[in-house]
Amino acid sequence: MSKKAYNKIMAGLEDAIAFAKGDASRGTVHVPGTNVKAARKRLGMTQKIFALNFGVSVETVRNWEQGRRQPEGPARVLLAVIDRNPKAVLDVLKKVA
């Protein structure tokens, strides 16, 4: 193994240990992808209603569902929460709106 490869592996291990001990600056949290169409259908919503309820455009929902775009950043997190606990998101958004 080269010294460069060894150093990269060690740096990764040190980051993983620091992250496990609570140093969030040394790691990345993986947010799983969400099947937007399946989540929307489980909620019994049309694309338009889903978009209105969660603050995105209908075109964005269509692009996600048809695979032309992938949700990124905060949208990915929001969709993961919608997929697992849609009532929580809807309750919060109703209180804000």
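Is Arg-40 buried or exposed at 9% relative accessibility? Arg-40 counts as buried (buried means under 20% relative accessible area, exposed over 50%, and partly exposed in between, with a 1.4 Å probe and protein chains only). The model is predicted: local features need pLDDT of at least 70, side-chain atom pairs count only at pLDDT 80 or more, and totals for chains, interfaces and linings use all residues. Residues are numbered from 1 along each chain as its sequence is written, and side-chain values use heavy atoms, with hydrogens and water left out.

Confidence was examined next. The protein chain has a mean pLDDT of 89, where pLDDT is the predictor's confidence in each residue, from 0 to 100. Of its residues, 96% reach 70 or more. Within the chain, confidence is highest in helix α4 (residues 58-65), at a mean of 97. Confidence is lowest in helix α6 (residues 86-96), at a mean of 85. Helices (H or I, at least four residues) and strands (E, at least two) are DSSP runs, numbered from the N terminus.

Arg-40 lies in helix α2. Leaving aside neighbours within four places in sequence, Arg-40 is in contact with Met-45, Thr-46, Gln-47, Phe-50, Val-61 and Glu-65. Contact means heavy atoms within 4.5 Å.

The largest nonpolar core holds 11 residues in all. A nonpolar core is a set of buried Ala, Val, Leu, Ile, Met, Phe, Trp, Tyr and Cys residues joined through side-chain atoms within 4.5 Å. The members are Val-36, Met-45, Phe-50, Ala-51, Phe-54, Val-61, Trp-64, Leu-79, Ile-82, Val-89 and Leu-90. Two or more residues each come from α3 (47-54), α4, α5 (73-84) and α6. Helix α3 gives the largest share, three residues. Core residue Ala-51 touches Val-56, Ser-57, Val-58 and Val-61, not counting residues up to four places away in sequence.

Leu-93 is placed in helix α6. At 31% relative accessibility, Leu-93 counts as partly exposed. Leu-93 touches Asn-53 and Phe-54, again not counting residues up to four places away in sequence. Leu-93 and Phe-54 are 39 residues apart in sequence. In space the two are 7.8 Å apart, C-alpha to C-alpha.

Charged pairs were then considered. Side chains of opposite charge can pair when their charged atoms come close. A salt bridge is a side-chain nitrogen of Lys or Arg within 4 Å of a carboxyl oxygen of Asp or Glu. By this rule the count comes to five salt bridges. One of them joins the side chains of Asp-83 and Arg-42, at 2.0 Å, N to O. Asp-83 lies in helix α5 and Arg-42 in helix α2 (residues 36-42), so the pair ties together parts that are 41 residues apart in sequence. Asp-83 is partly exposed, with a relative accessible area of 24%. Arg-42 is exposed, at 55%.

Asp-83 also meets the side chain of Arg-84 in a salt bridge, at 3.8 Å, N to O. Arg-84 counts as exposed, at 53% relative accessibility.

Arg-62 is partly exposed, with a relative accessible area of 32%. Glu-59 also counts as partly exposed, at 45%.

Met-1 is placed in the segment before α1 (3-20). Met-1 is exposed, with a relative accessible area of 77%.

Gln-70 lies in the loop between α4 and α5. At 52% relative accessibility, Gln-70 counts as exposed. Gln-70 and Gly-44 are 26 residues apart in sequence and 22 Å apart in space, C-alpha to C-alpha.
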